[in-house]
Amino acid sequence: GELYYYGLLGGCMSWLRFSSEMVKRRPNIRFVLAELRNHGKSSGFPSPHSVDECAKDVLELEKQLSTHFDIICGHSFGGRVAIKLIDYLPNSSSISNPRQIFLFDTS
């Protein structure tokens, strides 16, 4: 599957047009548009609201969905979450290494 994360002030709808086109081109792939904690329609997460905690949320999401994210795309803040996720990969039993990580407008 593929996972998409948006920038700090965005929501999963930021990727809707792009992912809709990708579904048409690659119908055999599962696409996940995920909300970061306390962004978009996501609310009620306890503090802290850090990049580190968002990366942990990705680990939990993959586990809850019983899937593997082969490709992770992150824009801006979502890209920073994807970078932080790399720190957890060698030590995590709940997530497999993605084949590709794409970062857009991420510093």
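Hi everyone, let's start with Lys-56, which forms a salt bridge with Asp-52, the closest N and O atoms being 3.4 Å apart. By salt bridge I mean a side-chain nitrogen of Lys or Arg within 4 Å of a carboxyl oxygen of Asp or Glu. Please keep in mind that this is a predicted model, where local features need pLDDT of at least 70 and side-chain atom pairs count only at pLDDT 80 or more, while totals for chains, interfaces and linings use all residues. Residues are numbered from 1 along each chain as its sequence is written, and side-chain values use heavy atoms, with hydrogens and water left out.

Back to our pair: Lys-56 and Asp-52 sit four residues apart, about one turn, in helix H2 (residues 51-65). Helices here are DSSP runs of H or I with at least four residues, numbered from the N terminus.

Lys-56 has another partner, Glu-53, with the closest N and O atoms 3.3 Å apart. These two are three residues apart in helix H2, so about one helical turn separates them.

How accessible are they? Buried means under 20% relative accessible area, exposed over 50%, and partly exposed in between, using a 1.4 Å probe and protein chains only. Lys-56 is partly exposed at 35%, Asp-52 is partly exposed at 23%, and Glu-53 is buried at 18%.

Now over to helix H1 (residues 16-25), where Lys-24 and Glu-21 lie three residues apart. Their side chains meet in a salt bridge at 4.0 Å, N to O. Lys-24 is exposed at 63%, whereas Glu-21 is partly exposed at 33%. Both belong to a network of salt bridges that also includes Arg-25.

In total, the structure holds seven salt bridges. Thanks, everyone!
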